[in-house]
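Colleague: I am new to this structure. Could we go through its helices together, beginning with the terms?

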Amino acid sequence: SARLSFSSGHTALAFSVATAFTGEYDEPWVAPLAYGLAALTGFARVDVNAHWASDVLFGGALGYAAGRALAPSRSGGGAAVAPLPGGSGLVVVAGF
């Protein structure tokens, strides 16, 4: 439903993956390609009337923040999300 579209999960995922890739690879072409593809994902969601532009912008920001927070850095930091035994929830483990 158009009223329940906030935020764009597709765009959030695309930007989180793009952020993780740019943090992992030093090649100068990786960031423009990764973020370009993530942006195309957002444009496609708006183009097919699945989301408003504000949904996509928020999803992109959310994905970027998640990518920065959860992707390991070159210094060994980062975080991981794992299920708790028995399926009773999730645990977040961070390293600095």
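Modeller: Helices (H or I, at least four residues) and strands (E, at least two) are DSSP runs, numbered from the N terminus. The model is predicted, so local features need pLDDT of at least 70, side-chain atom pairs count only at pLDDT 80 or more, and totals for chains, interfaces and linings use all residues. Residues are numbered from 1 along each chain as its sequence is written, and side-chain values use heavy atoms, leaving out hydrogens and water.

Colleague: Where is Asn49 found?

Modeller: Asn49 lies in the loop between α2 (30-47) and α3 (53-70). Just after α2, this residue takes a positive phi of about 60°. Most residues other than glycine have a negative phi.

Colleague: Is Asn49 buried or exposed?

Modeller: Asn49 is exposed, with a relative accessible area of 70%. Buried means under 20% relative accessible area, exposed over 50%, and partly exposed in between, with a 1.4 Å probe and protein chains only.

Colleague: Turning to α2, how many residues has it, and what is its reach?

Modeller: α2 has 18 residues and reaches 25 Å from its first C-alpha to its last, close to the 26 Å expected. The expected span is 1.5 Å times one less than the number of residues.

Colleague: Which residues of α2 are buried?

Modeller: Val30, Ala34, Ala38 and Gly42 are buried in α2. They cover an arc of only 95° around the axis, which puts them on the same side of α2. The arc is that of the directions from the helix axis to the C-beta atoms. On the other side of α2, Pro32, Leu40, Phe43 and Asp47 are exposed.

Colleague: What covers the buried residues of α2?

Modeller: The cover includes α1 (9-24) and α3.

Colleague: And which residues make up the largest nonpolar core?

Modeller: That core has five residues: Ala14, Phe15, Ala18, Ala34 and Ala38. α1 gives the most to this core, with three residues. A nonpolar core is a set of buried Ala, Val, Leu, Ile, Met, Phe, Trp, Tyr and Cys residues joined through side-chain atoms within 4.5 Å.

Colleague: What does Phe15 touch?

Modeller: Not counting residues up to four places away in sequence, Phe15 touches Tyr35, Ala38, Ala39, Gly60, Gly63 and Tyr64. Contact means heavy atoms within 4.5 Å.

Colleague: At what angle do α1 and α3 pack?

Modeller: The angle is about 35°, and the axes of α1 and α3 are 7 Å apart. Axes are lines fitted to C-alpha atoms, for helices over the stretch in contact, and angles run from 0 to 180 degrees between N-to-C directions.
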